[in-house]
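Please open the model in your viewer and keep the selection tool at hand.

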Amino acid sequence: MAGTAHFDRRAARYDRDGAHHRVASLVVASAELVDGCRVLDVATGTGFAALEAAGRIGPSGEVIGVDLSEAMLGEARRKAQEARAANVRFAQGDAERLSFSPASFDRILCSSALALMTDAPRALRHWRDLLKPGGLLAFDAPSTPFGFSERAAAAAARHGIRLGFSDLADTPDKCRALLEGAALDVVSVRKAIAASGPLALDRAVAMFDERIDHPAWRALGEAPPALRAAIRADYIRDLAAAAVDGRVANEIALCFAVGRRPAP
Ligand SMILES: C[S@@+](CC[C@H](N)C(=O)[O-])C[C@H]1O[C@@H](n2cnc3c(N)ncnc32)[C@H](O)[C@@H]1O
């Protein structure tokens, strides 16, 4: 399916990056899951949040994980089978155009994916409609610092290319505005460091090359090759200047937000 190439390609290796699992756990922890909840995990990927939620809602609850990428869903299904999780299922679909009945979920989770939606405010309103009154929506979004991605975005900006993921909901105030814009009551908003380990220089360069077809880096991927090469060279110069003993700091901060659909 169009637009899934990056995650299809990364699916088998995706779980090696421990940061995604940590972030998903924090999103799940914020969502006040209880026995019997019906949960939707949008852009579920390899199912980190969905599987963790499934462990918290008991056999009477249900989790549905939706993703565009069949390869990511394949990993999620394999993990669910291994864990013998009977209260979770996965379906291919576009998180921005879901056909579930309105007001049919107690919780909606979106971990490491809001910034990938083509229209995040509209996606939040769509998900709000799927929540039962009183239901909770929990998401995270990139903040600053944002490790090597922020350095890449800064290098791109110096060459006139804007990477849209970087400022969608990078402050608690923007998260509040997004929740309120979707007619959700703000339950909690906070900024936290989700990962802090330094990165070897060659790994940081490899990650730039691996991400070039990442949907959030679309503007960079579509830039003329000579401009992309100039941005890459600028990024490497910046890394080299910041490196200590061949490693660069890679601290990653995220904003975590939870909103409630008000009762009518
Ligand atoms: C960075 S991964 C996050 C996966 C997972 N939520 C996690 O916490 O690890 C982003 C995922 O969003 C999916 N995705 C992007 N846009 C989507 C859309 N419109 N509908 C459904 N899935 C989407 C990608 O296929 C990918 O699996």
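The tour begins with two notes on conventions and then moves from one selection to the next.

This is a predicted model, in which local features need pLDDT of at least 70 and side-chain atom pairs count only at pLDDT 80 or more, whereas totals for chains, interfaces and linings use all residues. Residues are numbered from 1 along each chain as its sequence is written, and side-chain values use heavy atoms, with hydrogens and water left out.

Next, display the distances from the ligand to Tyr-14, Ala-43 and Ala-95. A polar side-chain atom of Tyr-14 lies 2.6 Å from a ligand oxygen atom, while a backbone N or O atom lies 2.7 Å from a ligand nitrogen atom at Ala-43 and 2.8 Å from a ligand nitrogen atom at Ala-95. Taken alone, the ligand exposes 600 Å², of which the protein buries 95% (Shrake-Rupley method, 1.4 Å probe).

Now select Leu-33, Val-39, Val-63, Val-88, Phe-90, Leu-109 and Leu-254, which have the most contacts inside the largest nonpolar core, a set of 37 residues (buried, that is under 20% relative accessible area with a 1.4 Å probe and protein chains only, and joined through side-chain atoms within 4.5 Å). Helix 3 gives the largest share of this core, six residues.

Finally, centre on Val-63, whose contacts (heavy atoms within 4.5 Å) beyond four places in sequence include Val-39, Ala-50, Ile-57 and Val-88.

Notes. A polar contact is a pair of N or O atoms within 3.5 Å; within protein, one must be able to donate a hydrogen and the other to accept it, and residues adjacent in sequence count only if both atoms are side-chain atoms. Buried means under 20% relative accessible area, exposed over 50%, partly exposed in between (1.4 Å probe, protein chains only). Helices (H or I, at least four residues) and strands (E, at least two) are DSSP runs, numbered from the N terminus.
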